[in-house]
Amino acid sequence: MEDEDRTTNPVADWFARGMLTKEHVLSHINHAIEINNAIDPDEGTTIEATFSSASSSGPSGEGHALTETAFISLLQTKGTLPRGLGATEAGRVIYESIVYLSALPYIPHGPQPSGTLSLAQLNRALVWMLPDRTKRIIEESNLSRIRTRWDRLRLLFQSLAIGTVPLAAQDRVRDRARSLAARHAFDVSWDGYLDICVANHDDDGDEIYHDLLDVLYSTQEERPKWITPVARDAFRDIAKKIRAEEQLPELCTLAIPVQRFKDLVKVLLVLHMEIENTNDNENVDLSQYNDAADSLCAAFAQDRDIGTTDLITWPSFAQALETVAPYIVEPLYRLLTVTFMDEEAPLNISGPSDPPRNLPRDAILTLPRVSQLISFLDGNIETGYLRRTDRYVSPNFPTPAGLVRAMESVPEPEEAIVLFSGRVTAATGVAGKQEKPCVFGLFSPVPKKDGRCIQDPSETQPGNPRLRPCQLFQLSPVQDVFRGVAGEPGWGVVADAEGGEGVVFGGVSAIGSAGGRKGGVSLVLRDGLRRGRIQQWEGAVNAKLSGGVDGKKNKGMSYQANPSRGDWTLEFVVDEIEIWTEDSA
């Protein structure tokens, strides 16, 4: 043993002696969860009690386990999962996700049978799923690497991905995933961590391979304290052998079927807001969330490399989470912590929002669309206090100047949400059938100032890391968000070619003069506000991971383009306009 302890790289010996088998590694993860409080003792006691209340003896009569049916029942009785067929489908997706995560870093092959979950499996899955848990079982130092939020979000993607990317597209998806990995590796909360940031996709393997490396390094055999732990890189050759033996897939081959994601998204949209009666949630009509879920799923299925809109790849999933719906998965974290830990939400995850107290039946802003707003504006709006201040129905629209005055007259310090509802008349470079309903909007946290100059959120409210700047958005038929550029004009009244006036959101001096704004988006309302046109020009956007812009902003570009969508234009007839704010009274 003494000779082994002095070996500089004993990894090959550990492998030969069976100390790096799947069972051995998973046992070490279980031990790390316990001794490092990845699940603290009080949480562990609650999880075990919840597990015991619904578990049954395994097939062999040894040990207890949760069946899929029992798991879903817990989500409904102890958690807030609605009842009914649609919600049961979502519960099944969540269960299969948990089963997948429980086996990490080893990847189950193909769609998972229902099977059962042991208590140890449930604990491992919760640690991989919930924010800030893996840092307690994965060693982060100058001998390894630091894991970021993108590792957790990627594992969620993997756990949902039962589809396969077409073979012809896999190289292109691989290249984009590797580029993302290089960027995501440095998305850390403190600059002091940058010295231990390392990309987890290189010539040896992709993110799935590097997950295995992280675990092998972190669960290595204990050695005397005077001997330095074996560095992460020393496990690379063994990790390649294990990858081959376990037939681990490549990330670029994995895809989420859109229908599977929609089953989950409908429930996540419902859970963005507090269910009024959690003891009787059978009355939640999931069908009313179909359109909102379709819009969100369309945003996630925008990978132009694969030639289909029926699958979601990791690059398109990550892009949508970064810009379009950064908070869409938070209800899943809350559902799991409420169910198994009896806690409202994980640390740094906000609780569910209140539903609006007064939502007129004729409003553009339906309950599902409020949930869509929360998916990218959580922390910026108090949905319980939303109040419609103005409503205009075609042809009785105000003048362009009158609309701007109404937008900017919202009482301080409240924000303004402006919605434009209509029907598509023409589309180029984007799916949009004629007469198909569409909804666009504007969010302005400082409407009295954002028109002249979009305000920097870090200056208007420094203590709120979730605060967003002024931005354009789309809710239907695709959800999208076009973040405002601080310092640029947000909107204005301008002249059109016929000598009339219109409103332009996008910082151009006149209607029709917006060409060449690479990386930008412009929304124009003209013909007495009865016609709308939104246009995106593809191009490089100097954006940080958080969605902000660096010092090299594109002059004249007020709203950032979505790089997943390329060049596109959509024209529509405006049927209704609404202005909303918060009723502080």
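Visitor: In β13, which residue is the bridge partner of V494?
Guide: In this predicted model, strand β12 (residues 492–495) and strand β13 (residues 501–505) run antiparallel and are joined by four bridges. The hairpin that they form has five residues between the strands, and there G499 takes a positive phi near 90°. Within β13, the bridge partner of V494 is G502.

Visitor: Are the rings of W491 and F505 stacked, edge-to-face or tilted?
Guide: W491 lies in the loop between β11 (480–483) and β12, whereas F505 belongs to strand β13, 14 residues apart. W491 counts as buried at 7% relative accessibility, and F505 is buried with a relative accessible area of 0%. Because the ring centres are 6.4 Å apart and the planes stand at 55°, a value between the limits of 30 and 60 degrees, the pair is tilted.

Visitor: How is the pair formed by the rings of F71 and Y95 classed?
Guide: The pair links distant parts of the chain, with F71 in helix α5 (residues 68–77) and Y95 in helix α6 (residues 85–102). The centres of the two rings are 5.2 Å apart and the planes meet at 65°, which is over 60 degrees, so the pair is edge-to-face.

Key. Residues are numbered from 1 along each chain as its sequence is written. This is a predicted model: local features need pLDDT of at least 70, side-chain atom pairs count only at pLDDT 80 or more; totals for chains, interfaces and linings use all residues. Side-chain values use heavy atoms; hydrogens and water are left out. Two strands pair if DSSP finds at least two bridges between them. Helices (H or I, at least four residues) and strands (E, at least two) are DSSP runs, numbered from the N terminus. Rings of Phe, Tyr and Trp (its six-membered ring) pair if their centres lie within 6.5 Å; planes under 30 degrees apart count as stacked, over 60 as edge-to-face and the rest as tilted. Buried means under 20% relative accessible area, exposed over 50%, partly exposed in between (1.4 Å probe, protein chains only).
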